[in-house]
Amino acid sequence: MQFSVPPDHPCLPGHFPGHPLVPGVLILDHVVEAAEAAGAPVDTAWAWPQLKFLQPLLPGEQARIELERLDDGPAAAGRWRFRVHRGDALLASGELRAGRA
């Protein structure tokens, strides 16, 4: 899944004035959307047992999310490893786990 955050997004003026960066929580929201599109449970609570932000994403930059399912069986789609890239640069990585809504 690819995404970008437009320069006029309402969260940007406060994060940070004069030098906006896309907030990590907005990147994670896109990770959840990508996982749901790939079969993860919808409208669930998520745990983030591993999470690392390595580089910032700037408004208007294109980012790409890569997902890997970590489990199978009856609880399949509940654990995912993710990586967020801008071109060849790794911006964020980690794991998300579905919980109960």
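Q: Hi! What should I keep in mind about how the values were made?
A: This is a predicted model, where local features need pLDDT of at least 70, side-chain atom pairs count only at pLDDT 80 or more, and totals for chains, interfaces and linings use all residues. Residues are numbered from 1 along each chain as its sequence is written, and side-chain values use heavy atoms, with hydrogens and water left out.

Q: Great. How many salt bridges are there?
A: The count is four, taking a salt bridge as a side-chain nitrogen of Lys or Arg within 4 Å of a carboxyl oxygen of Asp or Glu.

Q: Which residue does Glu61 pair with?
A: Glu61 pairs with Arg86, and their closest N and O atoms are 3.3 Å apart. Glu61 sits in the loop between β2 (46-53) and β3 (63-69) while Arg86 is in strand β4 (residues 79-86), so the pair ties together parts 25 residues apart in sequence. Strands here are DSSP runs (E, at least two residues), numbered from the N terminus.

Q: And what about Glu68?
A: Glu68 meets Arg81 in a salt bridge, at 3.1 Å from N to O. Glu68 belongs to strand β3 and Arg81 to strand β4, so this pair links parts that are 13 residues apart in sequence.

Q: Switching topic: how exposed is Glu68?
A: Glu68 is partly exposed, with a relative accessible area of 40%; that class lies between buried (under 20%) and exposed (over 50%), using a 1.4 Å probe and protein chains only. Arg81 is partly exposed at 36%.

Terms used: Helices (H or I, at least four residues) and strands (E, at least two) are DSSP runs, numbered from the N terminus.
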